[in-house]
Amino acid sequence: MSYARIRGTGSYLPERVVTNSELESRIDTSDEWIVSRTGIEARHVAADDELTSDLALAAARNALDAAGLVPGDVDLIIVATTTPDMIFPSTACILQDKLGVGAAAAFDVQAVCTGFIYALTIAERMVATGSHRCALVVGAEVFSRLLDWNDRRTCVLFGDGAGAVVVTPDAEHGVLGTHLGADGSLGHILRVTGGISEGQVRGNPFLEMDGQAVFRLAVRALGESAQKLLAESGVGAEDLDWFIPHQANMRIINALADKVGIARERVVTTVARHGNTSAASVPLALDTAVRDARVSAGQTLLLQGVGGGMTWGSVLLRY
Ligand code: UT7
């Protein structure tokens, strides 16, 4: 069995940037509150006619270019999203059609902000066992459409975007280990209850969150997940070149880095400019660090996600 390696990364952010000062003019909030509580300064918001699959398509094309591959090489597409274009077909199938990859297997993964970590874990197994040779793994969201833009407790936190990686077999580098977790009994602390039934939307179509409960769970679950995975893999926190956590809040990221023992200079953060882009946040941060040459071949990376469900997970890899 070979390793499954990330061979190329890509991302896409919608053109429109919504700054904290724009939000100040619309709701009872302040740049000072948002920056001091979260580290977020701005977020991107998709145009009315942009769908999750459009964001995913742009990120996927960038990742394929970076890998030196073409859509026809892809035999597996996994899209992690909480904001699919429609109930079905899956966003992965819509992306397959837009890319023109007729024969690739395609499905969505729903683990909210942990979706990309779950999707990468699945793709890694499918490529490492040899059943597939070229996986496109995408995290893509238009989370802005789940927000009540009059609710200052939630609307300032999130943004839209997409990130993608291409995973292929490799003899030497690749995923060293993974850890996934979930606790369905905590579903109520972060959720969108709305759904379609008998021709009507039932439940609340907007995001509801107990921010402090999510904060505590994120630090505890991700801290434990990182410690377990590093111990199992025989890798020390000091051996990590880069830590790329879910980009929700600088205070969560800093608390987590301290808990696991990772120096702050080794942490990739994009939350200031992207906000929380849910399943897109980790691949967006990874692509940012690859393109600005912080991440390079042979380095050891720890990727982590946490989100609704509640779900969480970690991927340790040699890039
Ligand atoms: O992918 C996972 C997604 N979710 C998260 O990661 C969220 C994790 N949680 C958090 O990041 C933090 O809990 C928040 C940033 C959401 C909130 O920070 P906090 O320090 O826990 O604040 P809080 O909820 O305790 O609210 C403090 C005060 C409240 O006012 P009172 O009741 O003390 O008078 C809020 O009403 O801040 C008020 N507040 C705001 N004020 C200005 C809440 N949102 C805002 C706002 N602007 N946008």
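**Helix packing and nonpolar cores in a predicted model**

Colleague: At what angle do helix 7 and helix 8 pack, and how far apart are their axes?
Modeller: This is a predicted model. Two packed helices are described by the angle between their axes and the distance between the axes. For helix 7 and helix 8, the axes are 9 Å apart and the angle is about 35°.

Colleague: Is the crossing of helix 7 and helix 8 left-handed or right-handed?
Modeller: The contact includes Phe215, Ala218 and Leu222 of helix 7, and Ile252, Ala255 and Leu256 of helix 8. Helix 7 passes helix 8 in a crossing that is right-handed.

Colleague: Which element supplies the largest share of the largest nonpolar core?
Modeller: That core has 45 residues, and Ile262, Leu302 and Met310 have the most contacts inside it. Helix 7 (211-233), helix 8 (250-260), strand 14 (300-307) and strand 15 (311-318) each supply at least two of its residues. The largest share, 10 residues, comes from helix 7.

Colleague: Why does this core lie between domain 1 and domain 2?
Modeller: Domain 1 spans 3-172 and domain 2 spans 176-318. The core lies between them because residues are given to it by both domain 1 and domain 2.

Colleague: Which residue touches Gly181, Asp183 and Leu217?
Modeller: Residues up to four places away in sequence are not counted here. The residue in question also touches Ala182, Leu186, Gly187, Ile189, Leu190 and Val214. The residue is Met310.

Conventions: Residues numbered from 1 in each chain as written. Predicted model: local features only at pLDDT ≥ 70, side-chain atom pairs only at ≥ 80, totals over all residues. Heavy atoms only, no water. Core = buried A, V, L, I, M, F, W, Y, C linked by side-chain atoms within 4.5 Å. Buried < 20%, exposed > 50% of the residue type's maximum accessible area, 1.4 Å probe, protein only. Helix = DSSP H or I, 4+ residues; strand = E, 2+ residues; numbered from the N terminus. Domains from an automatic or database assignment. Contact = heavy atoms within 4.5 Å. Axes fitted to C-alpha atoms, helices over the stretch in contact; angles between N-to-C directions. Left-handed = near helix turned anticlockwise from the far one by under 90°.
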